[in-house]
Amino acid sequence: MTAKRVLIVDDDEDICANIKDILDDLGYQTDVAHDGPSALQLVESNPYDVALLDYSMPGMDGATLHHQMVQLRPEIAAIMVTAYAHGDGAQRARDSGIQQVLRKPVDLKELLPLVEQISNSPIVLVVDDDPEFCQTMWHILRERSYRVCLAHNKEDGVQKAMGADYQIAVVDLSLCNGQTDGCEVLQRVLEVNPNIQTILITGHRDAADGILDGLKARGLDEVCFKPLDMDVLMSKIDNRSS
């Protein structure tokens with residue numbers, strides 16, 4: 001199994017070094033940054049599973065860093081550390097999709113199980129050409145403790161399918177005006193990971209009827225028709241992840 005990757009961001013070098021040593025000993029692959037711009041450079045070139053972020057840093061606070069970080073890699077899970085766990089900064093962090101906020105100084109007995117839990121949370125690949133829908137899915141799924149990777153067209157979806165070890169893929173049948181572009185994404189997803197759970201979404205019931213049998217023969221699990229009932233869609237995702 002590939003080691004989980006953790007990015008530690010704090011302007012206190014001693015804190016970074018101490019946490020890095022412990023996580024390295026536990027088998028994680030860790031990197032350290034002491035400011036926001038350095039962290040973003042690392043995120044751009046490395047597929048981290050978890051980011052451990054200090055809230056109060058010179059130049060760019062942790063909530064702002066997290067917002068920019070997920071623009072690059074929306075699947076990164078995040079833990080915020082702050083001396084003011086019940087203040088406005090902590091609320092900003094939660095509103096931005098950060099999964100956990102911990103009080104500083106960090107209690108390692110609290111931190112280490114969270115890193116393990118979050119780094120192993122299911123990853124959902126969402127492929128849809130509607131940015132608003134993708135963002136809605138990202139926020140809903142993050143609130144339900146999923147990690148989420150987003151793609152907005154066939155090419156992006158195919159490329160993303162080659163990346164992380166996704167447990168669930170939610171793919172729109174029609175991408176960027178291509179009536180069945182999602183089929184190619186689904187096929188590539190299933191080639192890379194035959195055990196992945198797949199959900200097709202479509203507003204073209206008539207067009208879908210002619211190809212559903214073929215997709216199901218290749219491994220398609222579920223279909224949801226637009227306009228979507230989000231409660232139904234989430235129940236299918238939850239059932240597939242359990």
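In the predicted model, helix α2 (residues 36-45) packs with helix α3 (residues 62-72). Their axes lie 10 Å apart and form an angle of about 15°. Because angles under 35 degrees count as roughly parallel, α2 is roughly parallel to α3. The crossing of the two helices is right-handed. On the α2 side, the contact involves Gly36, Ala39, Leu40, Val43 and Glu44. These residues meet Leu65, Gln68, Met69 and Leu72 of α3. By class, six residues of this contact are nonpolar, two are polar and one is charged. An α-helix has 3.6 residues a turn, so residues three or four places apart point the same way.

Gln99 sits in the loop between α4 (88-95) and β5 (100-103). Two polar pairings involve its side chain. A polar atom of the Gln99 side chain lies 3.1 Å from the backbone nitrogen of Ala78. The Gln99 side chain also makes a polar contact with the side chain of Arg142, at 3.4 Å. Leaving aside residues up to four places away in sequence, Gln99 touches Ala77, Ala78, Ile118, Arg142 and Tyr146.

Helix α7 spans residues 154-161. At its start, a side-chain oxygen of Asn153 reaches to within 3.2 Å of the backbone nitrogen of Glu155. The buried residues of α7 are Asp156, Gly157, Val158 and Ala161.

Notes:
Residues are numbered from 1 along each chain as its sequence is written. This is a predicted model: local features need pLDDT of at least 70, side-chain atom pairs count only at pLDDT 80 or more; totals for chains, interfaces and linings use all residues. Side-chain values use heavy atoms; hydrogens and water are left out. Axes are lines fitted to C-alpha atoms, for helices over the stretch in contact, and angles run from 0 to 180 degrees between N-to-C directions. Helices (H or I, at least four residues) and strands (E, at least two) are DSSP runs, numbered from the N terminus. Angles under 35 degrees count as roughly parallel, over 145 as roughly antiparallel, 65 to 115 as roughly perpendicular and the rest as oblique. A crossing is left-handed if the near helix is turned anticlockwise from the far one by less than a right angle, and right-handed if clockwise. Contact means heavy atoms within 4.5 Å. Ala, Val, Leu, Ile, Met, Phe, Trp, Tyr, Cys and Pro count as nonpolar, Asp, Glu, Lys and Arg as charged, and the others, Gly among them, as polar. A polar contact is a pair of N or O atoms within 3.5 Å; within protein, one must be able to donate a hydrogen and the other to accept it, and residues adjacent in sequence count only if both atoms are side-chain atoms. Buried means under 20% relative accessible area, exposed over 50%, partly exposed in between (1.4 Å probe, protein chains only).
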